Amino acid sequence: MTEIEYIEQDPVQNADLLELVRRGHYECLYEGGDAAIFHDPVYGLYTVCGGSEADVRALLNRTPADVSYMAHGALCRDLAAKKTGSRGNAPCRQARYCKDTAPQIPQESWDGVELRDLDESHIEIVDRVYGTPHKTQDIVERIEKKALFGAFIEGRLAGFIGWHPQGSIGYLEVFPEYRRRGLGFLLESEALRRTLERGQIPFCHIYHTNEISMNLQKKMGWEFSKEYIYWMF
């Protein structure tokens with residue numbers, strides 16, 4: 001079994017790794033057991049997955065300690081924590097959209113709405129409302145790469161969405177005065193459409209306490225990982 005065949009056994013839990021492989025820029029530690037570590041040299045992230053403590057531990061012994069890790073599941077989190085000293089942030093569900101087409105957007109959702117890429121004039125507001133752990137330079141980089149777009153109503157920014165550097169859909173925000181109009185559904189549907197059009201794998205990470213986001217993903221037909229994932233900085 002190759003490392004790709006290994007992660008293909010659970011295409012939802014490993015959606016992030018499958019997208020990394022699709023991009024073609026990765027390094028991997030895999031020895032045929034029940035564990036693998038993928039390194040994204042562009043983003044600088046090591047992602048650990050596996051079900052065997054011995055196999056995960058053996059691979060972690062070959063990676064540096066002073067780097068960022070993503071752990072798939074509690075076993076990998078605990079072993080990575082012993083190596084790095086970090087317990088990780090709040091657990092997330094990984095979700096993958098497995099259909100070939102994006103959900104249909106009700107026509108009334110489009111009334112008076114214009115979608116367009118964000119520009120430098122929106123840096124301050126995006127940075128202010130999206131909050132930590134994102135830094136201003138991250139928002140600047142995303143806008144420069146046209147990886148954030150917004151919904152505008154009467155020329156005013158009502159909400160936005162985009163893609164994180166590793167390819168996940170995120171940054172979804174609808175401002176309070178524009179909520180309950182279907183804008184979140186509209187923005188995410190458009191992000192899905194663009195992701196699929198580019199041939200990318202649509203996936204996202206949802207904090208386990210974010211019930212609003214979980215309900216939106218369920219409504220749109222996303223599938224969810226069985227185990228949590230953990231960012232470890």
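The model is a predicted one.

Let's begin with Asn14, which sits in the loop between helix H1 (3-8) and helix H2 (15-23). Leaving aside residues up to four places away in sequence, Asn14 touches Ile7, Cys49, His72 and Gln94.

**The cysteines**

How many disulfides does the model have by the distance rule? The count is zero. For Cys28, the nearest cysteine sulfur is that of Cys49, 7.8 Å away, and Cys28 is in no disulfide. The sulfur of Cys49 has its closest cysteine sulfur in Cys76, at 6.5 Å, which is too far for a bond because a disulfide needs the two sulfur atoms within 2.5 Å.

Here is how two of these cysteines compare in burial:

| Residue | Relative accessible area | Class |
|---|---|---|
| Cys28 | 26% | partly exposed |
| Cys49 | 4% | buried |

**Helix H4**

Cys76 brings us to helix H4 (residues 74-84), where the buried residues are Cys76, Arg77, Leu79, Ala80 and Ala81. What covers these buried residues? The cover includes strand S3 (45-50), helix H3 (53-60), strand S4 (68-72) and strand S11 (223-232). After H4 comes Gly85, with a positive phi near 85 degrees.

Definitions and conventions. Residues numbered from 1 in each chain as written. Predicted model: local features only at pLDDT ≥ 70, side-chain atom pairs only at ≥ 80, totals over all residues. Heavy atoms only, no water. Helix = DSSP H or I, 4+ residues; strand = E, 2+ residues; numbered from the N terminus. Contact = heavy atoms within 4.5 Å. Buried < 20%, exposed > 50% of the residue type's maximum accessible area, 1.4 Å probe, protein only.
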